[in-house]
Amino acid sequence: MNRNNAYRISILGILSAIIFIQTMVPFLGFLPTGFVNITIIHITVIVAAIVLGPIDGGIVGLVWGIGTIIRAWTSPTSIIDTTVFTNPFVAIIPRILVGLIAGYIYLIFKNNGKHKIFGMGLASAVGSLTNTVLVLVLMRLMYESTLASAYGTRVSSLNAVLLGIVGVNGVPELIAAVIIAPAISVAILKSNKFLDK
């Protein structure tokens, strides 16, 4: 194994470990609100996708998804965790897609120096939206009665509640991702130029 591959694997291992810790410890990776957690974990997945590529980003997303299921079973932090986030379709698939989609978007801009930072920002925005939208859509499709009961509303009003969650949770998550993920990614790539080849 050459030095570059060894370093890439070590970065992947470090980011995966960070994700797992963020998933398990409140306020390191998510802010419990009692209804839906506001997450900042997606930023680590997006950084992995930009720095290491879409496949490694997807792997880090997978670690996040598995950690989400474990946390939902062992120490739920919201009223819907044990019902909704023990389902792999909700907990894992959107997390993997965050890394894959963000990584492939960045690849489009990677070799264009003028637009590289823009590509990182766009990858961060779309990656963040991927998680928010997919999780809420899957929740809506699979658990409408549970959600309506948990949020104290009628099924017919559930779409409005979920749109409110997008505004309250999704927008701050997106803004945080667009600001933080490119800054961290640039720092890592500048210190390890071979990762961006």
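A residue counts as partly exposed when its relative accessible area lies between the buried limit, under 20%, and the exposed limit, over 50%. A187 has a relative accessibility of 46% and is therefore partly exposed. This residue is found in helix α9, which spans residues 158-191. Its C-alpha atom is separated from that of V51 by 10.0 Å. Along the chain, A187 and V51 are 136 residues apart. The model is a predicted one.

The secondary structure comprises nine helices and two strands. From the N terminus, the order of elements is α-β-β-α-α-α-α-α-α-α-α. The protein has 197 residues, and 48% of them count as buried. Among contacts with a separation of 6 or more, 68% are between residues 24 or more positions apart.

Helix packing was examined next, with helix α2 as the reference. Two packed helices are described by the angle between their axes and the distance between the axes. Helix α2 covers residues 41-52. The axes of α2 and α3 come within 6 Å and cross at roughly 155 degrees. Angles over 145 degrees count as roughly antiparallel, so α2 and α3 are roughly antiparallel to each other. Their crossing is right-handed. On the α2 side, the contact is made by I41, H42, V45, A48, A49 and L52. On the α3 side, P54, D56, G57, V60, G61 and W64 take part. The residues of this contact divide into eight nonpolar, three polar and one charged.

Helix α2 also packs against helix α7, which runs over residues 116-142. Here the angle is about 135 degrees, and the axes lie 10 Å apart. That angle makes α2 oblique to α7. The crossing of α2 and α7 is right-handed. H42, I46 and I50 of α2 meet M120, S124, G127 and S128 of α7. The residues of this contact comprise three nonpolar, four polar and no charged. H42 belongs to the contact of α2 with α3 and to the contact of α2 with α7.

A further residue of helix α2 is T44. Its relative accessible area is 9%, so T44 counts as buried. With residues up to four places away in sequence left out, T44 touches L15, I18, I19 and Q22.

Charged pairs were then considered. Side chains of opposite charge can pair when their charged atoms come close. A search of the whole structure finds two salt bridges. In one, the side chains of R71 and D81 meet at 3.4 Å, N to O. This pair links distant parts of the chain, with R71 in helix α3 (residues 54-74) and D81 in helix α4 (residues 81-84). The two residues are ten residues apart. R71 counts as buried because its relative accessibility is 5%. D81 has a relative accessible area of 0% and is therefore buried.

The side chains of R140 and E144 also form a salt bridge, at 2.7 Å, N to O. E144 has a relative accessible area of 32%, so this residue is partly exposed.

How values were computed. Residues numbered from 1 in each chain as written. Predicted model: local features only at pLDDT ≥ 70, side-chain atom pairs only at ≥ 80, totals over all residues. Heavy atoms only, no water. Salt bridge = Lys/Arg side-chain N within 4 Å of Asp/Glu carboxyl O. Helix = DSSP H or I, 4+ residues; strand = E, 2+ residues; numbered from the N terminus. Buried < 20%, exposed > 50% of the residue type's maximum accessible area, 1.4 Å probe, protein only. Axes fitted to C-alpha atoms, helices over the stretch in contact; angles between N-to-C directions. Parallel < 35°, antiparallel > 145°, perpendicular 65-115°, else oblique. Left-handed = near helix turned anticlockwise from the far one by under 90°. Contact = heavy atoms within 4.5 Å. Nonpolar A, V, L, I, M, F, W, Y, C, P; charged D, E, K, R; others polar.
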